[in-house]
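I opened my notebook today to look up a few things in this structure. Come and read along with me.

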Amino acid sequence: MRISAGLALPATLLALLSKTSGVSAEVLNSDVVKEKEAYSKKVRMIANVVSVSWDELPWKVDEKRYKRFHQKYTLFSRTGWDPKIQEMAKQTPVNMIKNMSEGTHSTLLDYALMSAGWWAAMSSSWEMDWGDWGLVSWESKMPPTFSIAAATWRQNPQLQELQKKFKEAVEKKPNVMTEIVKKVALYLGADLVGIAPYDPRWVYTHRAYNPRYHPGEQYKEEELKLPDGLRYCIVLAFAEDYYMQETAECGPSMGDIGFGYSRMAVTSGSLAEFLRALGYIGIPSGNDTALSVPYAIAAGLGEYSRMGLLITPEYGPRVRLAKVFTDAPLVPDRPIRFGVYEFCQKCKKCADACPSGAITHGDPTWEGYNESNNPGVYKWYANGEKCFEYWCKSASPGCGVCVRVCPYNKPNWWAHEVFRDYLAPVLGGDLGKQIDDLLGYGKKRKSSEWWGFEYNEVVR
Ligand code: SF4
Ligand code: SF4
């Protein structure tokens, strides 16, 4: 029997599981899972990551003031009903044509790649707004031949008995269920996975159906009701491609951003189906249903940053986030600290580089800028309206300049990792940022550098 070090299951429990659920006692870890686990372990050791309690984080929540958020106030949802934001959005197609005609930032090829990247996300899921449809359905939509989570199987007494025995076994051993879930999540496509306790504060009060994503339909909203009994949120992070993101804003970075959303939908939906097949609740979620960043912080995936995004030790801010809510027994992770708050206080590279002025140079506050910020949390707020306006002007959905320039964004190679995880934090945000600049990190690369040729030379 070969058991990988990272996912070794106690032998007695393996024997129990093999009797109750058919899980093989032979554990052969997939290369892809091993690589992700080993990379994360190595980086977290170099970066001196420490686990802390939620109360030890620099970010504070004023429980009297903080209110759960209505999804309609997110910038994405406002494109569906707010005339001010809709006016901004009208500029995008005009500027796309301008970009393609001039062929300077982005070409026909870049927008074709963007279209490909978004394909699964936008044609097969509602993870950008309403949730609970297609890939992010809350119940199985599969035929029974291919999934034991299918509706007809749920009435099968023999399957119910097998699921009951399995659930009784892992209820007493949530660490085993956690290992199972994390392994499956990494195999199904996540690059990082963590477990947060279910916390209703981060769940939207209402969901909003955005006609911008459903052409020909009307805006609607309704109170969001999740099933009772949820215990945990499994948080998934998907690394974007360093070299594609070097072309942000515009260029191939747009395709990579879209493909991140497609991966989110496929992986979170598949993991939810896995949980449902075992008899648990599995609710997949992208931008719908709940706020991702606080859940990712609670799940120990990273720290909050000046730019308002999560910064992970492994990939910096270059990640997309998805979630799966469940009632399965799991062991929650703890928030982590590795010096991002202190580094961000001095660095400000994202605020200097942001073309719209959406990122503050100031200190954290309890207040945001507009209705797309939710006050009552002590943190750095970003001005989403300015950010979105720039996306429309540049015709680059996602922009990503802030992610590109952040000193925590480095390619996966040991010298860059040592700088990111060890040297930069030791140098501090001021000097760390200056040396980051001197070494040439964060510079914008041309679209042609990723494709390997000048588009205008080819079509001339
Ligand atoms: S660029 Fe600097 S200030 Fe901005 S998020 Fe990254 S580390 Fe923090
Ligand atoms: S995405 Fe672009 S416009 Fe928005 S905050 Fe980042 S750098 Fe600024």
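**Entry 1: ligand 2.** I looked up the residues around ligand 2, where a residue is near a molecule if its C-beta atom, placed from the backbone, lies within 6 Å of it. I wrote down Cys-354, Pro-355, Ser-356, Ala-358, Ile-359, Ala-382, Cys-387, Tyr-390, Cys-399, Gly-400, Val-401 and Cys-402. Helix 14 (384–394) and helix 15 (401–405) are the elements that give two or more residues to this shell. Helices (H or I, at least four residues) and strands (E, at least two) are DSSP runs, numbered from the N terminus. I sorted the shell around ligand 2 into 10 nonpolar, 2 polar and no charged residues. Here Ala, Val, Leu, Ile, Met, Phe, Trp, Tyr, Cys and Pro count as nonpolar, Asp, Glu, Lys and Arg as charged, and the others, Gly among them, as polar.

**A note on the model.** This is a predicted model, in which local features need pLDDT of at least 70 and side-chain atom pairs count only at pLDDT 80 or more, while totals for chains, interfaces and linings use all residues. Residues are numbered from 1 along each chain as its sequence is written, and chains are lettered from A and ligands numbered from 1 in the order in which they are written.

**Entry 2: ligand 1.** Which residues come nearest to ligand 1? Of the 13 around it, I found Ser-305, Cys-344, Cys-347, Cys-350 and Cys-406 to come nearest. Helix 12 and helix 13 (349–353) each give two or more residues to the shell. The largest share, 3 residues, comes from helix 12. By class, I noted 9 nonpolar, 1 polar and 3 charged residues around ligand 1.

**Entry 3: helix 12 again.** I followed helix 12 (residues 340–347) to helix 16 (residues 414–438): their axes come within 7 Å and cross at roughly 20°. Axes are lines fitted to C-alpha atoms, for helices over the stretch in contact, and angles run from 0 to 180 degrees between N-to-C directions. Helix 12 and helix 16 are therefore roughly parallel to each other (angles under 35 degrees count as such).

Entry 4: I then traced an open sheet of 4 strands, in the order 3-6-10-7, with antiparallel pairing. Two strands pair if DSSP finds at least two bridges between them. Strand 3 (192–197) and strand 7 (282–285) are the edge strands, each pairing on one side only. Strand 7 and strand 10 (residues 319–326) pair over 4 bridges, and Ile-283 stands opposite Phe-325 in strand 10.

Conventions:
Angles under 35 degrees count as roughly parallel, over 145 as roughly antiparallel, 65 to 115 as roughly perpendicular and the rest as oblique.
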